[in-house]
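Keep the model open in your viewer and follow the stops below in order. Each stop says what to select and what is found there.

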Amino acid sequence: MAVRARTCGASRPDPAQKALPWPSRGSRLGPGARRPATGPPRPLALLLPPLLLLPLLAAPGASAYSFPQQHTMQHWARRLEQEIDGVMRIFGGVQQLREIYKDNRNLFEVQENEPQKLVEKVAGDIESLLDRKVQALKRLADAAENFQKAHRWQDNIKEEDIVYYDAKADAELDDPESEDVERGSKASTLRLDFVEDSNFKNKVNYSYTAVQIPTDIYKGSTVILNELNWTEALENVFMENRRQDPTLLWQVFGSATGVTRYYPATPWRAPKKIDLYDVRRRPWYIQGASSPKDMVIIVDVSGSVSGLTLKLMKTSVCEMLDTLSDDDYVNVASFNEKAQPVSCFTHLVQANVRNKKVFKEAVQGMVAKGTTGYKAGFEYAFDQLQNSNITRANCNKMIMMFTDGGEDRVQDVFEKYNWPNRTVRVFTFSVGQHNYDVTPLQWMACTNKGYYFEIPSIGAIRINTQEYLDVLGRPMVLAGKEAKQVQWTNVYEDALGLGMVVTGTLPVFNLTQDGPGEKKNQLILGVMGIDVALNDIKRLTPNYTLGANGYVFAIDLNGYVLLHPNLKPQTTNFREPVTLDFLDAELEDENKEEIRRSMIDGNKGHKQIRTLVKSLDERYIDEVTRNYTWVPIRSTNYSLGLVLPPYSTFYLQANLSDQILQVKYFEFLLPSSFESEGHVFIAPREYCKDLNASDNNTEFLKNFIELMEKVTPDSKQCNNFLLHNLILDTGITQQLVERVWRDQDLNTYSLLAVFAATDGGITRVFPNKAAEDWTENPEPFNASFYRRSLDNHGYVFKPPQQDALLRPLELENDTVGILVSTAVELSLGGRTLRPAVVGVKLDLEAWAEKFKVLASNRTHQDQPQKCGPNSHCEMDCEVNNEDLLCVLIDDGGFLVLSNQNHQWDQVGRFFSEVDANLMLALYNNSFYTRKESYDYQAACAPLPPGNLGAAPRGIFVPTIADFLNLAWWTSAAAWSLFQQLLYGLIYHSWFQADPAEAEGNPEVRESSCVMKQTQYYFGSVNASYNAIIDCGNCSRLFHAQRLINTNLLFVVAEKPLCSQCEAGRLLQKETHSDGPEQCELVQRPRYRRGPHICFDYNATEDTSDCGRGASFPPSLGVLVSLQLLLLLGLPPRPQPQVHAHPSRRL
């Protein structure tokens, strides 16, 4: 047989001959090949125990070695399979544990999970929970309307007349630069005592309400003082609600004036920088104050828009976008002679977090040039709103125009598109200080049922970009009781530290009339809200009876989850709701799309599907069978789903009525028994109300034992199901020690430990000393090996996770192990279930040596194969490890074992990091399939501050020429600049702090981001397979074969000799990403439905109140006075930024 020289430039074998015996090659080793070793060789007795005395292949001696033939490598694979199976049969104790369960059959019952009944019961319990909150909301809204109607407006009300608890008072007193300290607050602010309350995760006072007023609103204004006066009466209603339902959390009234009154009282969580919290910008307020919106924002970018005015416009648009929720749709365009979208979005898109981010970034690129063309801007906007071929809100339609002024009224455009029905409201915003006639802008708004606003400076942006909600609320108020419907929000982060919540909202209407026979008032007073913590809803769902891989989830009309085990945002932003789509919480497929659509439509359903699931450690993908069952939650916009694997249809319920047996089994939980029975970890579950939790399992076990010495497992303060199952599993796993583990010599088979974990919450590790190196989660349901073993047949190998290690694996102390686990399946009376997982922990170094022997051609127990002179031999993984690479790789592509000693410290790494060329070949030959997904809940270190980040709040800087020009000093630009400087001196953080940072938790140093995840899993190839890695003039032979009944791939390959064979590296590590391309995603939007109600029109609406304003040229005297104030460092207090409609005077 010809010898194939493996050198660069050598001719390649014909790939068509790959099924034939491989050509031999000149050996680089010679007959007495040395084998590398890190120490003295282990006795063969440790490598091949009596368990596997299989006949070994004999081959004639040779002075030249050939690549192993396929049948030889298949033989090695069978030996590996048998060795693994034999060890697991002896030490895993699967069969013995089955017998133990059957011997103790009288100690437990087999219960059934009936999906339809379960999901309907949970949906009913959630409905009852929310209904109690709805009744409290209605009492509050009715009371608020009556209190306000009975209130007499006081023009001469003074701050000292009002007594209330200012939630920010303590923080302001600690801040010498705060508003109230500077001018001295005249209001009679209460000083309260607080007590810690675990339900609120805060200190509270149940005898008072608290008031929060936004920083940019003057507390002493007449409007605010009257608001504080009449809302004080709500205090008693809040208290009565709590008396009727002690489980109530925050009860809040958010006023249209910006005042927030909430109960119980607690100090405000003031951020380190300026507090920009305004209740009118909270997701729950926006949803409750108006119906969904289709909004087109058009921005004048003609040449007359100065640098300062353009910056104000950019900031205004960003603030306007923040008033929109996921129920709304929006597009943004700029216009001069022509109109064009500022982003890649060519039509209305959902106003979700990611789309708004695209708009905000695109707006910063707007450049002023050309001439003003209102007609182009409005025609573009009306065309957008008339496009019926896209998904949109189909409720309120509006155009928001930002401009510095103009003369054209474009009446012909309105006549063509909007009159006489006026279905589109037009809101106009005059931005900057100028001398233009604003009458055309007022006319546009007034003749199209909108409103005219002025934004002369940065201080007016926030208030004037949210006041339009008052106008949209008019049809709701006029609809009366028909519009008084409770709505439930998306999930969002509570501003007072409660965690993730949903809020029930109910609008509060102004029921007053200006006089006898006058029209009904059409102003919304505010929104009433009551929070429900997600944890309170979770408590209504079964958890431990569903098994490790069963769960309950719920979604809203947008398809966003409010319950899901994968809903785990790493950071939260008070300004935005938590919007994780069901198809992003799980791995998306057509079946799940169908389930999601049915749930959004409010249907019931059941479907069994084959789907992909991601492992808990996000390293692996498993193809599994799941049963989905779903029903709507009545009286809400939510739908509830239940997911069960077939093996979780049944579960065990312990029945330990024998107290003597309880005591006997309990003793095996005592640390004094660990030396003989193995170490026990118990799952940190809520076994009893008085059990102190701890992240340290040793301490938690101590707390548990101390409590059990005071109470019995049947105590009413304890969860009897959890306790009985825990104690039963303690006894059952102890019997496994007694029958199997104690009499075996683990060292003979190079095992570091044996273990068993159960649904009942027990993890027993034997021997006791092995617990020192046990790093798996003590909660089996949160342990990746446990969940994967249930989903996979056979033996699941789990190498140590290298990512978490600070340095390469250390082998000196033989402490590095590889977990091998398998599920224990019981069949009791025709009912199948998997209540436990058992396994062993392999000694990495010893099994690496054993692996080389098993994949070798040894003819004698103690001697490696020797090739005689003038003979040909096949290479093997032991003798020829300088030429032949032999590895075991798991189903995720991670290295498990290698015959290369220098690769032992790389066990657990993704194999592409070890041998990129070979891993790519395995992927290209379909041994592996790749799955890419995005994690939208990740946390990333904040980007360093830069100039671009401050662009939205940049300040116009005049040139030297401007200062020398007298005309400039009398211009609107100078006036606007001075106004901004004044605002900057008082609210300096406005120019420095990002709103999210200012409002967020000061302790949070990370920001939310998107991470791209890539996992690999076994492809369609199951048989053994030979192939050639062909790259240039170098070739490399390899053989790959799946090991039966395991998650392992056995690969034998020639070691690379040529640098040309270096290939691109497959990536598995999580990487930072911008996510999928938003411009493409909006072309195929996911199915959703808007709220069932819409109030956008009422024939009796009075549109006469449509905004007033006049521009005024500042006098030189005023400007000089302002400059002197600036130089003296005595900034005047700006005028209160409270926009009060005349009809707010009640």
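Select Asn205 first: at 11% relative accessibility this residue counts as buried, where buried means under 20% relative accessible area, exposed over 50%, and partly exposed in between (1.4 Å probe, protein chains only). The model is predicted, so local features need pLDDT of at least 70 and side-chain atom pairs count only at pLDDT 80 or more, while totals for chains, interfaces and linings use all residues. Residues are numbered from 1 along each chain as its sequence is written, and side-chain values use heavy atoms, with hydrogens and water left out.

Asn205 sits in the loop between strand 7 (202-204) and strand 8 (210-212). Helices (H or I, at least four residues) and strands (E, at least two) are DSSP runs, numbered from the N terminus. Show the side chain of Asn205 and look for the backbone nitrogen of Ser207, which the side chain reaches at 2.8 Å. Such a polar contact is a pair of N or O atoms within 3.5 Å; within protein, one must be able to donate a hydrogen and the other to accept it, and residues adjacent in sequence count only if both atoms are side-chain atoms.

Which residues is Asn205 in contact with, leaving aside its neighbours within four places in sequence? They are Leu192, Asp193, Phe194, Pro264 and Ala265, contact meaning heavy atoms within 4.5 Å.

**Two cis peptide bonds**

Go from Asn205 to Pro264, one of its contacts. The peptide bond joining Tyr263 and Pro264 is cis, with omega about -5°. Pro264 belongs to the loop between strand 10 (260-263) and helix 9 (283-289).

Now select Phe766 and Pro767, where the peptide bond is also cis and omega is near 0°. Pro767 lies in the loop between strand 30 (762-766) and helix 25 (784-791).

**Disulfides**

Next, show the cysteine side chains. A disulfide here is a pair of cysteine sulfur atoms within 2.5 Å, and by this rule the count comes to six.

Start with Cys688 and Cys718, joined with an S to S distance of 2.0 Å. The link of Cys688 and Cys718 is right-handed, with 100° about the S-S bond. Cys688 is in the loop between strand 28 (679-682) and helix 23 (697-708), and Cys718 is in the loop between helix 23 and helix 24 (720-741), so the pair ties together parts that are 30 residues apart in sequence. Both Cys688 and Cys718 are buried.

Move on to Cys446 and Cys1106, which a disulfide joins at 1.8 Å from S to S. This pair links distant parts of the chain, 660 residues apart: Cys446 in helix 14 (residues 439-446) and Cys1106 in the loop between helix 32 (1078-1081) and helix 33 (1116-1128). The link of Cys446 and Cys1106 is right-handed, with 85° about the S-S bond. Cys446 is partly exposed, with a relative accessible area of 25%, whereas Cys1106 is buried at 4%.

Then select Cys940 and Cys1009, whose sulfur atoms are 1.8 Å apart in a disulfide. The torsion about the S-S bond of Cys940 and Cys1009 is about 70°, so this disulfide is right-handed. Cys940 lies in strand 37 and Cys1009 in strand 38, so the pair ties together parts that are 69 residues apart in sequence. Cys940 is buried, with a relative accessible area of 14%, and Cys1009 is buried at 10%.

**The sheet around that link**

Strands pair if DSSP finds at least two bridges between them.

How many bridges join strand 38 (residues 1007-1018) to strand 42? There are three. Select Lys1012 to find Thr1071 of strand 42 opposite.

**Last stop**

Finish at Ser926, in the loop between helix 27 and strand 37. Phi of Ser926 is near 70°, a positive value in a residue other than glycine. Ser926 counts as partly exposed, at 33% relative accessibility.
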